Amino acid sequence: MQTNQESHSSLFCQASSSIQACIECMIACKTCAAACLQEEHMMRECIKHCLTCVETCQLCTSLELRHSELAESAMQLCANACQLCAAECSKHEHEHCQICTKACLACAQACQAYRA
């Protein structure tokens, strides 16, 4: 009998690469935005791009899971949001920004490769 954690892990493994990339990107962007709030210098642009990226990743995940005809369009929007976020985060040396940059670039690539 599978435990609840095992079934969640199994579901994640079965998710498409774009959904996995979006989930990883959401986590990295939320973490980055939260850490940016704690930085000495306000990093408004970084936070703004991270939050936009989180929202577009959430949209893509939802649309793909229900096999929406809008998923492909959303993936392109998400790829653009991820590229903007990566460009902003790459300007900063903070570890959370560097992690976010990598996650955003991976997500942008997965979203660009998406075909409904």
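Mentor: Contact here means heavy atoms within 4.5 Å. Keep that in mind for this predicted model.

Trainee: Which residues does C57 touch, not counting residues up to four places away in sequence?

Mentor: C22, C25, M26, C78, C82 and C107.

Trainee: Which residues of the largest nonpolar core touch the most other members?

Mentor: The core has 34 residues. C57 is among those with the most such partners, along with C29, C50, C82, C104 and C107.

Trainee: Which helices each supply at least two residues of this core?

Mentor: Helices α2 (17–38), α3, α4 (71–89) and α5 (95–113) do. The largest share, nine residues, comes from α4.

Trainee: Now E64. Where is its place?

Mentor: In helix α3, which spans residues 44–65.

Trainee: Is E64 buried or exposed, and why?

Mentor: The cut-off for buried is under 20% relative accessible area. E64 is buried because its relative accessible area is 10%.

Trainee: What does the side chain of E64 make polar contacts with?

Mentor: Two serine side chains. The S16 side chain makes a polar contact of 2.5 Å with that of E64. The S18 side chain is joined to that of E64 by a polar contact of 2.6 Å. Leaving out residues up to four places away in sequence, E64 also touches I19, A71, M75 and Y114.

Trainee: What pLDDT does the protein chain average?

Mentor: The average is 88, and 86% of the residues score at least 70. Over residues 6–14, though, the pLDDT is below 50. Beyond near neighbours in sequence, that stretch has seven contacts in the model. Where pLDDT is low, predicted coordinates should not be read in detail.

Conventions
Residues are numbered from 1 along each chain as its sequence is written. This is a predicted model: local features need pLDDT of at least 70, side-chain atom pairs count only at pLDDT 80 or more; totals for chains, interfaces and linings use all residues. Side-chain values use heavy atoms; hydrogens and water are left out. Helices (H or I, at least four residues) and strands (E, at least two) are DSSP runs, numbered from the N terminus. Buried means under 20% relative accessible area, exposed over 50%, partly exposed in between (1.4 Å probe, protein chains only). A polar contact is a pair of N or O atoms within 3.5 Å; within protein, one must be able to donate a hydrogen and the other to accept it, and residues adjacent in sequence count only if both atoms are side-chain atoms. pLDDT is the predictor's confidence in each residue, from 0 to 100. A nonpolar core is a set of buried Ala, Val, Leu, Ile, Met, Phe, Trp, Tyr and Cys residues joined through side-chain atoms within 4.5 Å.
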